[in-house]
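Here's a short tour for someone meeting this structure for the first time. Have a look at the picture first, then read on.

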Amino acid sequence: MIIRILTGVSALALMAGAALAEGSIKVGYVTGLTGACAPISEDGLNGSKLAVEMLNANGGILGQQVELVVRDDQTKPEEGGKQARELAAGGDISLLTGVCSSSVLLAVTEVAKEFKIPHLAMIGSTQKANIEAYNPYFIQTQANATMEALAAAEYVAKKAEWKKIAPMGFDYEWGHTSVDAFTKRLKELRPDIEIAEPVFMKVGEQNMGPYVTAALSSEPDAVYAAVFGGGLVSLIKQGQSFGMFDKSNLVTLLTVDTLQSMGDAEGTGVRRGPRSVLRAGADAGTGRFHHRLSGCLQRIPDRLGDQRL
């Protein structure tokens with residue numbers, strides 16, 4: 001899928017007059033290689049490198065080879081905007097992509113708008129980039145934060161035995177957007193359900209004890225968590241020691257890197273929905289990609305198709 005997207009977007013960029021470096025199509029890849037997004041960004045970058053390798057092995061795009069120009073945004077909006085601006089100002093970038101953090105995404109999309117360069121969303125999923133702050137240079141193909149939060153609300157609403165929910169999330173754009181959308185939709189679907197005051201923690205927080213205690217203080221039937229990466233791993237592991245899964249349930253989104261880093265530590269009360277499912281035997285093309293991905297990651301991706309949502 002990423003190969004098709006990169007091919008289509010890059011071709012459109014060229015036809016629209018975006019800059020073309022002699023001999024190659026340069027893609028500006030701005031992502032959080034350090035900071036809270038680092039684990040997720042690393043996997044995204046590996047996948048993009050693999051996509052570029054496969055594209056170039058098949059002749060590239062419109063006869064041109066593709067080159068990733070990677071920059072670290074440190075999971076900070078100001079740094080992401082700076083890196084994107086430096087790439088765009090150089091005049092030879094045909095496409096911007098790679099962003100993990102939704103806050104960084106909003107900063108980069110403003111640069112793309114200014115320089116009239118297509119910006120393809122990679123991981124960051126705030127809906128503000130293509131709704132409230134829409135501009136014609138922004139392209140988002142994955143579910144946005146509101147879609148994910150609404151899906152979680154639909155799931156929770158069907159649990160008639162759940163009477164009280166405690167929301168929590170990272171204290172930044174995606175966390176607040178997700179909690180707000182989840183809460184609003186759940187109230188519409190279940191006016192009878194009690195929703196506790198949301199608990200927010202800084203992005204990348206690892207000491208989840210105080211936040212677990214705060215969330216469980218209202219004795220909820222379930223906790224909705226707009227948390228990702230290492231923070232989510234900490235939430236689940238530390239939540240177990242606080243008896244979270246004996247007292248309540250956890251509704252959240254788990255990415256593949258989080259699942260792999262947790263091993264067998266996942267709580268039995270976790271209700272989760274992976275963003276994507278990859279099965280090695282789905283078809284010949286997927287099988288070849290799975291083989292290449294395994295070589296790229298130096299491990300066999302596992303538990304990708306397991307879900308309980």
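## A first stop: N56

Why does N56 count as buried? Its relative accessibility is 18%, and buried means under 20% relative accessible area, with over 50% called exposed and anything in between partly exposed (1.4 Å probe, protein chains only). You'll find N56 in helix α2, residues 38-57. Helices (H or I, at least four residues) and strands (E, at least two) are DSSP runs, numbered from the N terminus.

Which residues does N56 touch, leaving aside its neighbours within four places in sequence? They are Q65 and V66, where contact means heavy atoms within 4.5 Å. A polar atom of the N56 side chain also lies 2.7 Å from the backbone nitrogen of V66.

## What you're looking at

This is a predicted model, in which local features need pLDDT of at least 70 and side-chain atom pairs count only at pLDDT 80 or more, while totals for chains, interfaces and linings use all residues. Residues are numbered from 1 along each chain as its sequence is written, and side-chain values use heavy atoms, leaving out hydrogens and water.

## Helix α6

Helix α6 covers residues 173-189, which makes 17 residues. From first C-alpha to last it reaches 24 Å, close to the 24 Å expected at 1.5 Å a residue; that expected span is 1.5 Å times one less than the number of residues.

Several α6 residues are buried, among them E173, W174, G175, F182 and L186. The buried residues of this helix pack against α4 (102-115), α5 (145-157) and a set of strands: β6 (164-170), β7 (194-195), β8 (199-201) and β9 (222-226).

Now for β6. Seven of its seven residues are buried, so β6 is largely enclosed by the rest of the structure. Two strands pair if DSSP finds at least two bridges between them.

β6 runs parallel to β7, joined by two bridges, and K164 stands opposite E194 in β7. With β8 the pairing is parallel over three bridges, and G169 has F200 as its bridge partner there. With β9 it is parallel too, over five bridges, and P167 is partnered by Y224.

## Rings that meet

How many aromatic pairs does a search of the whole structure find? Four. Rings of Phe, Tyr and Trp (its six-membered ring) pair if their centres lie within 6.5 Å; planes under 30 degrees apart count as stacked, over 60 as edge-to-face and the rest as tilted. Y155 and W162 are edge-to-face, because their ring centres are 6.4 Å apart and their planes are at 75°. Both Y155 and W162 are buried. W174 and F228 are edge-to-face as well, at 5.9 Å centre to centre and 70° between the planes. W174 lies in helix α6 and F228 in the loop between β9 and α8 (229-241), so this pair ties together parts 54 residues apart in sequence.

## A last stop: K113

K113 belongs to helix α4. Is K113 buried or partly exposed? With 42% relative accessibility, K113 is partly exposed. Apart from neighbours within four places in sequence, K113 contacts N135 and Y137. K113 and Y137 are 24 residues apart in sequence, and their C-alpha atoms are 6.0 Å apart in space.

Methods: A polar contact is a pair of N or O atoms within 3.5 Å; within protein, one must be able to donate a hydrogen and the other to accept it, and residues adjacent in sequence count only if both atoms are side-chain atoms.
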